[in-house]
Amino acid sequence: MESTALLTDQYELTMVRAALADGTADRPCVFEVFGRRLPSGRRYGVVAGTGRLVELIREFRFTDEHLDLLRRQDVLDDRTAGWLADYRFTGDIEGYAEGELYFPGSPILTVAAPFAVGVLLETLLLSVLNHDCAIASGAARMVTAAHGRPIIEMGSRRTHEQAGVAAARAAYLAGFASTSNVAAGVRYGVPTAGTAAHAFTLLHDSEAEAFASQIAALGTGTTLLVDTYDISQGIRTAIEVAGPQLGAIRIDSGDLSVMAVQARELLDSLGARDTRIVVSGDLDEHSIAALAAAPVDAYGAGTAVVTGSGAPTAQLVYKLVEVDGRPVVKRSENKKTVGGRKVAVRRHKPTGTAVEEVVASRCRPSAEPHDRALQRPYLVGGEPAADLPDLATSRAHLAECLVSIPWDGLKLSAGDPAIPVTMISN
């Protein structure tokens, strides 16, 4: 992996330069990542990206080439360049488990380190968490709307090439069945899926030739795209070529609800009762919910997934909350913070339904039955903590969390957060 050190805003480097000069660089500090509010219309957020951060932080190293360039640009003086040459994150990081739900004020990630060591990570942490949390939060709503029907993530062509890989991982965490992104399959073990585009049909002299070629290569269990020309004729041709054992057809245009009903009727009349129907085409959680009564077996979602379905950032911030063991508070209008390191628990009914999140500043909330601690270590003394969860574990954790929140919290309509957050301090 390449160094991640240049994924940094210049003001982080200038703060380090000034802090080294005035002697404050080594003051013990605590920084926290949180959101003041959820994106408009959302009732919960999903923590995603923490599973990627550990390795990215370990690769946060300044090379001689980096430092020479920054010196020539007068971003660094010799003392700062020398300090950065030896930079390693040596602090502690704890936070919510990947796949955990979060709400306004939730201390998603806590960084305890000397000021200069901790402040350098602001941009890296926020760029990963703001992107991945936004993707996973939108994708989780789509999974809820699908009511158990699988969804394929297929949005790589609608975003930056590396964002597409991270988005595929976040969508799988949220419950998507697979992705079209091959890099996500190789890098993170996300199941991959894909067959053919309209270009493959247009390449051949007839639709029948295209279908025959695809079946020869991939077998009759493949999915044939039937709407390049006329959907009804495309379905007939697909069954003529593949037989009634064809795995699936995909419809990518038109009124999908109407098309799915007509396609199901036609497939059944042709004896292809087990051939599945996959629909795609600018789907989001609302259009997926609208297809609940349609005879659809699976969905393909792209643009809405990789753009957070209308909320492309989770609106998270990284703020200094403690210096030398004392709380510090930002009092700016509309941007106030609560000082002190936070401890968070989620309270539940005996049935397992979540009722409240309690966030305590500079103290621990009183223990109650059915409380669940929300924070776990990620890095201890700069080294990865033991038993970090893998992607499959985080995916299962999110599924459990979504079951635990009140039913109203899963609605797609705008409303209050699924559970309230209570802030207490000593």
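This is a predicted model: local features need pLDDT of at least 70, side-chain atom pairs count only at pLDDT 80 or more; totals for chains, interfaces and linings use all residues.
**The parallel sheet**
- Six strands make up an open sheet, running in the order β7-β6-β11-β10-β9-β8, with parallel pairing.
- The edge spots go to β7 (178-179) and β8 (223-225); each has a single partner strand, so one side of each has no neighbour in the sheet.
- For β8, pairing with β9 (residues 248-251) is parallel and runs over three bridges.

**The cysteines**
- A disulfide is a covalent bond between the sulfur atoms of two cysteines.
- Counting pairs of cysteine sulfur atoms within 2.5 Å gives zero disulfides here.
- Take Cys133: it is in no disulfide, and the nearest cysteine sulfur, that of Cys401, sits 13 Å away.
- Seen from the other end, the closest cysteine sulfur to that of Cys401 is in Cys133, and 13 Å is too far for a bond.
- Are these two residues buried or exposed? Cys133 counts as buried because its relative accessibility is 0%, and Cys401 is buried too, with a relative accessible area of 2%.

**The annotated N-terminal stretch**
- An unreviewed UniProt entry puts the feature "domain: Nicotinate phosphoribosyltransferase N-terminal" at residues 6-130.
- In the model, residues 6-130 are 42% helix and 18% strand.
- The end C-alpha atoms of that stretch lie 18 Å apart.

Definitions and conventions:
Residues are numbered from 1 along each chain as its sequence is written. Side-chain values use heavy atoms; hydrogens and water are left out. UniProt positions are given in the numbering used here, feature names are shortened, and annotations may be inferred rather than shown by experiment. Helices (H or I, at least four residues) and strands (E, at least two) are DSSP runs, numbered from the N terminus. Buried means under 20% relative accessible area, exposed over 50%, partly exposed in between (1.4 Å probe, protein chains only). Two strands pair if DSSP finds at least two bridges between them.
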